[in-house]
Amino acid sequence: MENIEKIEKIREKAGVTYEEAKQVLEEANYDLLDAMIILERQGKVKAPQTESYTTKNEENVNTEFESAQRTYQNDCKKSSVGQLIDKILATCGKLLKASLDSSFVVTHKGNEIINVPVLVLIICLIAFAITVPLLIIGLFCDFRYRIDGVDKVNVNFDINGTLNNVSDTCDNIKKDLTK
């Protein structure tokens with residue numbers, strides 16, 4: 001584009017005289033953009049206003065926002081795998097503490113023979129084929145079992161009462177067999 005064409009362009013776009021357009025272009029080394037910037041700074045041209053227009057319906061925007069908000073709130077209510085694992089570990093920790101706070105006591109004719117944490121009994125019960133028969137044989141040999149410290153643990157039934165009933169039943173069976 002020749003210099004005369006540039007001057008005409010500036011005159012059309014900025015609404016200035018031929019002489020003002022020529023002077024500004026000479027200052028800007030005939031760069032149209034720089035010339036327009038100079039005119040803006042001088043206040044002879046208004047800076048372009050930014051406007052926006054959207055074809056979206058405002059109701060749609062609100063509905064989408066509300067839907068996204070509901071989805072977010074529902075996701076926050078769901079528990080993650082990590083939270084589930086934390087709950088399981090917390091429950092296992094409580095059970096472990098309860099098994100250490102309670103003692104499994106074995107007595108024979110009123111004398112205490114064994115007093116170990118319930119955890120030891122649970123570990124021994126893993127060897128079910130050995131431990132359970134020994135406990136049953138012990139009942140027929142006048143051994144009695146009880147769990148001390150049960151009052152510290154929330155249990156819904158009377159464990160010691162049940163163990164006493166089992167021991168009494170074994171005593172009755174033993175008396176019936178010896179008659």
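Colleague: Two strands count as paired if DSSP finds at least two bridges between them. With that in mind, what phi does K109 take in the hairpin of β1 and β2?

Modeller: K109 takes a positive phi near 55° in that hairpin, which has two residues between the strands. Before going on: this is a predicted model, where local features need pLDDT of at least 70 and side-chain atom pairs count only at pLDDT 80 or more, while totals for chains, interfaces and linings use all residues. Residues are numbered from 1 along each chain as its sequence is written, and side-chain values use heavy atoms, with hydrogens and water left out.

Colleague: Fine. Where is K109 found, and is it buried or exposed?

Modeller: K109 is in the loop between β1 (103-108) and β2 (111-117). K109 counts as exposed because its relative accessibility is 63%, exposed being over 50% relative accessible area, buried under 20% and partly exposed in between (1.4 Å probe, protein chains only).

Colleague: Which other residue has a positive phi without being glycine?

Modeller: Y30, with phi near 60°. Y30 sits in the loop between α2 (18-27) and α3 (32-42). As background, most residues other than glycine have a negative phi.

Colleague: Back to the strands. What order do they have in the sheet?

Modeller: The order is β2-β1-β3, in an open sheet of three strands with antiparallel pairing. β2 and β3 are the edge strands, each pairing on one side only. From one strand to the next, the twist averages 20°.

Colleague: How many bridges join β1 to β2, and how many join β1 to β3?

Modeller: Six bridges join β1 to β2, and six join β1 to β3 (residues 143-148). V106 has I114 in β2 as its bridge partner, while H108 stands opposite F143 in β3.

Colleague: Why is β1 largely enclosed by the rest of the structure?

Modeller: Because five of its six residues are buried.

Colleague: Which helix packs on the sheet?

Modeller: Helix α7 (residues 128-140), which touches β1 and β3, and its direction makes about 115° with that of β3. Contact here means heavy atoms within 4.5 Å.

Colleague: How many helices and strands does the protein chain have?

Modeller: Eight helices and three strands. Helices (H or I, at least four residues) and strands (E, at least two) are DSSP runs, numbered from the N terminus. From that end, the elements run α-α-α-α-α-β-β-α-α-β-α. The chain has 179 residues, and 20% of them count as buried.

Colleague: Switching to the helices, at what angle do α1 and α2 pack?

Modeller: About 115°, with their axes 9 Å apart. Axes are lines fitted to C-alpha atoms, for helices over the stretch in contact, and angles run from 0 to 180 degrees between N-to-C directions.

Colleague: And which residues meet there?

Modeller: From α1, K6, I7, E8, I10 and R11 meet Y18, A21, K22 and L25 of α2. By class, that contact has five nonpolar, no polar and four charged residues. For those classes, Ala, Val, Leu, Ile, Met, Phe, Trp, Tyr, Cys and Pro count as nonpolar, Asp, Glu, Lys and Arg as charged, and the others, Gly among them, as polar.

Colleague: Which residues touch the most other members in the largest nonpolar core?

Modeller: I10, A14, V16, A35, M36 and L39, out of 13 residues in that core. The elements giving two or more residues to this core are α1 (3-14), α2 and α3, and the largest share, four residues, comes from α3. A nonpolar core is a set of buried Ala, Val, Leu, Ile, Met, Phe, Trp, Tyr and Cys residues joined through side-chain atoms within 4.5 Å.

Colleague: What is L39 in contact with, leaving aside its neighbours within four places in sequence?

Modeller: I10, A14, V16, V24, K44 and V45. There's also a second, separate core of nine residues, which includes V118, Y145, I159 and C170.

Colleague: One last thing: where does L96 lie?

Modeller: L96 is in helix α5 (residues 81-101). With a relative accessible area of 42%, L96 is partly exposed. Its C-alpha atom is separated by 7.4 Å from that of L119, 23 residues apart along the chain.
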